[in-house]
Amino acid sequence: MNKRIFLSFPHLGGYEMKYIEEAFKESWVVPLGPNVDMFEQRLGDYLGESHVVALSAGTAAIHIGLVMLGVEQGDEVLCQSFTFSASANPVVYQGAKPVFVDSEPDTWNMSPDALEEAIIDRHRVTGRYPKAIVVVHLYGMPAKMDEIMAVAGRYGIPVLEDAAEALGSEYRGRKCGTIGRYGALSFNGNKVITTSGGGALICPTADAAARVKFLVTQAREKVPYYYHKVIGYNYRLSNVSAGIGCGQMEVLADRVERRREIHGLYAKLLGDIPEVRVHGNPSSDVNSNFWLTTILFDERLGFTPEDLRQYLDTNNIESRWLWRPMNMQPVYVDAPFYGDGTAERLFGHGLCLPSGSILTDDEIAAVADAVRTFVKSKY
Ligand SMILES: *Cc1c(COP(=O)(O)O)cnc(C)c1O
C-alpha cells in the first residue's frame, strides 16, 4: 500500500525556524512585532499593494472587511453561494443578512447576471440596495471581475474579494485580492502557504489599513488609560505565526508554480477520458493558482462524488467533495438565493483531487490512475 496521499498538506520551506528563533531570542512571543511587519511588507511586495494587514485568520479578515464597509444590523450582503461557510458567516456576525448568488459555469464563481438580478430584486423587495458584495475566487480560479465590478459600480455597492484560496492567482495581470475595495487572504494549514493559522486584509489606502490595525487590537484609543469609543476585536496575527509566514514568503512563487504544474499533470494524464473534465482556466483573462485541481465527471456514468471519493480512499488517496453551496446548507435555508442551480449541479458531479505542492509527480500519476480505473469500471 502506498503512503497516504493528502489533499493539501502544509509544505514548509526550511526557512521558517530562522524567523521563529529570532522571535524567541528577542522574546517577541506576542501579537505584533518585527515578523508581523516583515510579513506584511513581503505580502505587499508580492501583491504590488502596500496596505496589507496580517490577521489571525482569513475569516477574521472577511469580518473586518465587512466592518470597514459599514455593514450593520439589518443590512443585506450579497455573497457567492458556491463557497466555504467562512465567506458568509461574518455577514451574520455583523447582524446582517446574507443573500446568496449562484455561479456561472466558466469560472464556477459569482454569475454577474445573477448578481444584477439579485441587486434589482432586493431593491424591489426591501427598498434598499445590499451593503456589500462578497465574491470568491474558488479553488484559486479568478471570478469574472470586470463584469462583477461593472455591475457593482452601476449600483455603487463595494466589493470584498474572498481570495483565501487564490494567493498568487491573477485576473488580467492583477493579483486576486487587489481588485475589489478589500481583499481577504488565508494562511490556514491547507492553503497555498501556511502560518499554521492566519489571514490578511488587503486595504485600499494607508488610512484604511491604520483603521483596521486599530480595530483588530481592541480599538484602544491613544490615551494612557484603557478608553474605547467603538467595539474592537482581537484579530492580530502573533509574531511567532508571522515568522512562519516570513519563511513561507521565500518559497511562495515556487509553491504557486508547483500547484500549476500539478494541475497541468492532471490535465495531461486525464485528458484522454472524455467523461472526465479537469477544470482549467476558461480564458486567457484568468490565471488560477490551482490551489486545488478539481474535476467534473459525466453524470450519465451513474456514480456520485461519494462513490469516487470512497474508491480513492480505499486506495489511500484523500479527495473531497466540492463545496456544498450555501443555499443548500440547513443553517442558511431562510436566506434568499438568486440563480439557476449551476453551483448545485457542479456540486453533484465534481471532486477535488490531491493538489498539495509537496506531492510528487509519481503521486499525482497514482491519483490519475485510480480515477481512470474507477471511471472505466463504470462503462
Ligand atoms: C479557508 C477559507 C476561508 C477562511 O480562512 P481561515 O483562515 O480558515 O479563517 C474563507 N473563505 C474561503 C473560500 C476559504 O477557503
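I started at threonine 59, where a polar side-chain atom lies 2.5 Å from an oxygen atom of the ligand. I noted at once that this is a predicted model.

How much of the ligand's accessible area does the protein cover? I found that the protein covers 92% of the 380 Å² that the ligand has on its own.

Next I looked up other polar side chains at the ligand. In glutamate 165, a polar side-chain atom lies 2.5 Å from an oxygen atom of the ligand. For aspartate 162, I looked at a nitrogen atom of the ligand. That nitrogen is 2.7 Å from an N or O atom in the aspartate 162 side chain.

Then I listed the surroundings. I counted 16 residues around the ligand. The closest are Thr59, Asp162, Glu165, Ser186 and Lys191. Sorted by class, the shell has 7 polar, 6 nonpolar and 3 charged residues.

Which element gives the largest share of the shell? Helix 3 does, with 3 residues.

So I turned to helix 3, which spans residues 58-68. Is helix 3 largely enclosed or open? I recorded that it is largely enclosed by the rest of the structure, because 9 of its 11 residues are buried. For this, I took buried to mean under 20% relative accessible area. The buried residues include Gly58, His63 and Val67. Ala60, Ala61, Ile62, Ile64, Gly65 and Leu66 are also among them.

Notes
Residues numbered from 1 in each chain as written. Predicted model: local features only at pLDDT ≥ 70, side-chain atom pairs only at ≥ 80, totals over all residues. Heavy atoms only, no water. Buried < 20%, exposed > 50% of the residue type's maximum accessible area, 1.4 Å probe, protein only. Helix = DSSP H or I, 4+ residues; strand = E, 2+ residues; numbered from the N terminus. Near = heavy atom within 4 Å. Polar contact = N/O pair within 3.5 Å; in protein donor to acceptor, adjacent residues only side chain to side chain. Areas by Shrake-Rupley, 256 points an atom, 1.4 Å probe, with all protein chains shown as cover. Nonpolar A, V, L, I, M, F, W, Y, C, P; charged D, E, K, R; others polar.
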